[in-house]
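Here is a short note for your first look at this model. Keep the structure open beside the text as you read.

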Amino acid sequence: MVDTGTRATILALDDPRWAAFVNERTESTPFHHPAWAKLLAATYGYRAFAVVAVDGDDRILAGAPFLEVRGLSGRRRWVSLPFTDECPPLANDPGETRELTAALAFAQEHMRAPGIEVRGPIQGFGWRTGADAVIHELALDADVDRVRSGFSRSQVIRNIARAEREGVIVRRASGPRDLDAFYALHTRTRRRQGVPVQPRRFFDLIHSQLIEPGMAFVLLADGGGREAVAGALFLAGEGTTIYKFGASDPDSWPLRPNHLIFWTAIQEACARGDVRFDFGRTDIGNHGLRAFKSGWGAEERPLAYSTLSRGAAPETDGLVSRMLSVAIRKGPTWVCRGTGEALYRFAASR
């Protein structure tokens with residue numbers, strides 16, 4: 001370890017010391033909250049825990065939540081966190097992040113930890129950091145008009161006005177019927193994209209463990225004489241609103257419902273006193289989506305992930321993914337849902 005008496009400790013996610021540490025950190029996001037990692041663990045059957053560095057007085061200096069995941073080959077990895085855009089380590093002081101780096105290296109050497117991945121930048125011997133995606137963050141203000149003044153007039157403000165002119169109505173989802181509508185829309189969107197959809201139980205758990213306690217919400221847009229032509233799931237807490245999933249019917253795109261959904265979410269975030277609106281991860285090569293998010297005045301920055309490998313390199317599945325993508329796009333809806341039920345949990349190891 002390090003020369004200050006610091007040691008590595010593994011805590012259960014429901015340990016009050018971990019929850020208190022997360023709540024005290026101003027840089028925390030909803031992804032750091034124990035509820036998010038526990039939800040992922042319950043959905044996919046992972047082991048969930050936090051790795052922390054503590055001093056001689058048992059005070060937490062730095063830490064991060066982890067899930068132990070397995071690939072199709074059975075190879076284990078600790079990931080902080082899978083299915084999560086960004087989850088950098090938390091520390092009392094930026095300099096104390098190195099204490100966690102030492103703790104993780106110690107865990108790998110002496111506690112039988114497998115390969116480790118952190119969804120954030122880590123500096124230290126043996127760590128590899130790379131960025132093949134970006135993230136967009138919009139600074140919020142209590143004066144929502146000041147936030148709006150940073151929107152692109154041609155790309156955003158005009159489309160918000162068009163949605164309002166077309167009579168699009170955005171509302172909060174409430175009850176099982178609305179959740180069914182969002183999941184159906186989400187499944188059709190994932191099928192169109194050629195990727196598996198998350199198991200339905202994932203969204204049921206989101207409803208019971210995040211939405212009902214007020215840590216997440218779904219916005220639905222009605223328009224063109226139809227209900228739920230577009231929708232989005234957001235996480236909220238720790239002064240941050242995070243866009244996590246979006247879905248829409250292509251026939252509704254001329255109505256611009258997605259613009260009105262984002263504008264509604266931003267207004268609500270400002271009213272809550274949030275300071276950040278996170279538009280989520282975007283692959284570097286997706287220039288259209290990057291332009292869409294930048295049009296809201298959001299700042300783009302590289303999204304760095306770090307790995308501390310042990311043994312073989314992580315599995316790759318490029319050919320399998322491409323073949324699966326074709327099967328999902330061309331097949332019936334049950335192919336999208338079936339592959340999600342059978343295979344989605346293994347995507348966490350990549």
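Is Phe279 buried or exposed?

1. Phe279 is buried, with a relative accessible area of 0%. Buried means under 20% relative accessible area, exposed over 50%, and partly exposed in between, with a 1.4 Å probe and protein chains only.

2. A word on the source. This is a predicted model; local features need pLDDT of at least 70, side-chain atom pairs count only at pLDDT 80 or more, and totals for chains, interfaces and linings use all residues. Residues are numbered from 1 along each chain as its sequence is written, and side-chain values use heavy atoms, leaving out hydrogens and water.

3. The whole structure holds 28 aromatic pairs. Rings of Phe, Tyr and Trp (its six-membered ring) pair if their centres lie within 6.5 Å; planes under 30 degrees apart are stacked, over 60 edge-to-face, and the rest tilted. Phe262 and Phe277 have ring centres 6.4 Å apart and planes at 70°, so this pair is edge-to-face. Both Phe262 and Phe277 are buried.

4. Phe279 and Trp296 form a tilted pair, with 6.2 Å from centre to centre and 40° between the planes. Phe279 sits in strand E13, and Trp296 in the loop between helix H9 (287-294) and strand E14 (299-302). Helices (H or I, at least four residues) and strands (E, at least two) are DSSP runs, numbered from the N terminus. Trp296 is also buried, with a relative accessible area of 0%.

5. Ring pairs also build a cluster. Among its members are Phe31, Trp36, Tyr44, Phe182, Tyr183 and Phe203.
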